[in-house]
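Thanks for coming. Please look at the model first.

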Amino acid sequence: MAGGGVVVQGGRNYEGGVTLFVIVTCLVAAMGGLLFGYDLGISGGVTSMPSFLAHFFPSVVLKMKSAHESEYCKFDSELLTLFTSSLYLAALVASFGASIITRKFGRKPSMFFGGLSFLIGSILNGVANSIVLLIIGRLLLGVGVGFANQSVPVYLSEMAPTKIRGALNMGFQMAITIGILVANLVNVGTAKIEGGWGWRVSLALAAVPAVMMTVGAMFLPDTPNSILERGYKEEAKIMLQKVRGTEKVEEEFKDLLQASEAAKKVDRPWSNIMKPQYRPQLVMCALIPFFQQLTGINVIMFYAPVLFKTLGFGDDASLISAVISGGVNVLATLVSIFTVDKFGRRILFLEGGAQMFVCQILVGSLIGVKFGLNGEGTLTKLDANLILLLVCVYVSAFAWSWGPLGWLVPSEICPLEIRSAGQSINVAVNMFFTFIIAQVFLSMLCHMKFGLFYFFAGFVAIMTVFIYFFLPETKNVPIEEMNRVWKAHWFWSKYIPDEAVIGGHIQDEKHCGSV
């Protein structure tokens, strides 16, 4: 049976190179990832702070003090998980509105509105005295994340030259990991503030990345694709020349124009993405974010301090352990930035999946041996360090595979006429399952115990097999020519009509990756 690997020849080498202008604009745009990352990191740290729990969730404090409570169930509170998960539900809904704004008015307004909403939400969280105001603030943060996650990956993919599209797009994931690490460091510092108000500082400092994105969006240029999509041909060509650093952009502009004309014939992108010719994009934009969340990574990221504390690490040790795993996350993302355009997307997906699977099995087994089914037991220093090591190896695998590629691949595979719809599906599915995992994780840990890690390991195995058979390689392929890749694939080729392929010769290697 044929695997997912195909060879596509005849990709066009457009004029121009990597300019300082495009590097700077992509770095500024990628700061949108700081919003998502800071929140992922800050939530778990704050929800492990006794002063925060005593103020908003006193029932959790009583449960923690109970001598008869299983280690697995210390933090099992639906209201506590609602604090974390409400953001992702708001982001899900917001992503659909962001799709309309991104398509009709450009990528910039979506980034600006996302930053502004996140700013207001962070202020409300910092001054909140009631659970209602706290949740309202979280919902506004979610709107900001929804708009940012919808617009930034598309912006980066459209601005970047084909040969380094993967690396520049991964600036978004890099910003997410930096946001997580900074949040973990902030939590370590604010947890030491006397008086029990450190959590307010942690939540309010989310305003910093929000201001950076809001101000940055005001000065960013829009992408040539977006300008052309709104009917301004001459302005689009001038912007393309500026982005590529050369006036010889006729060939690339011709392809952009052809893609734009095709897009204008599509009045309803949401109904059109359901058509058979867009089946590969629909499936990938839905399954990749679904699988990304079922790796279990957000269990580690926004519940790391809670998880480590549950396993007996202690207050300071749990926060410091989260900082260590956050640091590994940043460094491993650098690996993906420097390798994704050299080795491709598939090899990183496959290697990362195998590595995560092994780590999940080992962590589950070690916790099972130490705590059993009744949740009674303790960790020695050696045990704790071994679990932390395995978590770091797991995080590194995610950081150079499913983390950045989960945002990169959906943003680069959709033709212009369905790009905003495809990215909205990607964000909505991602946020929906982030919400589900955030809402049920502590309850799942209480009931499934160490088997929870086997649960995620099973999904990692499934998604790795899926990538092997169904995702073709997309490195060095211009976005406007991406249909050539699907036409060359052993499974997806039947969905792609010949007239949908722009430029280039296709060679389908039926046995590449065969088993």
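Phe 491 is partly exposed, at 23% relative accessible area. The term has cut-offs: with a 1.4 Å probe and protein chains only, buried is under 20% relative accessible area, exposed is over 50%, and partly exposed is in between. This is a predicted model, in which local features need pLDDT of at least 70, side-chain atom pairs count only at pLDDT 80 or more, and totals for chains, interfaces and linings use all residues. Residues are numbered from 1 along each chain as its sequence is written, and side-chain values use heavy atoms, with hydrogens and water left out.

Now the pairs. The structure holds 30 aromatic pairs. Rings of Phe, Tyr and Trp (its six-membered ring) pair if their centres lie within 6.5 Å; planes under 30 degrees apart are stacked, over 60 edge-to-face, and the rest tilted. One of them joins Phe 455 and Phe 456, edge-to-face, with 5.3 Å centre to centre and 70° between the planes. Phe 455 is partly exposed at 29%, whereas Phe 456 is buried at 3%.

Why is the pair of Phe 470 and Phe 491 edge-to-face? Because the planes are at 80°, with the centres 5.3 Å apart. Phe 470 lies in helix H22 (residues 451-470) and Phe 491 in the loop between helix H23 (483-487) and strand S2 (505-507), so the pair ties together parts 21 residues apart in sequence. Helices (H or I, at least four residues) and strands (E, at least two) are DSSP runs, numbered from the N terminus. Phe 470 is partly exposed, at 21%.

Last, Glu 376, in the loop between helix H18 (345-371) and helix H19 (381-399). Glu 376 is exposed, at 59% relative accessibility.
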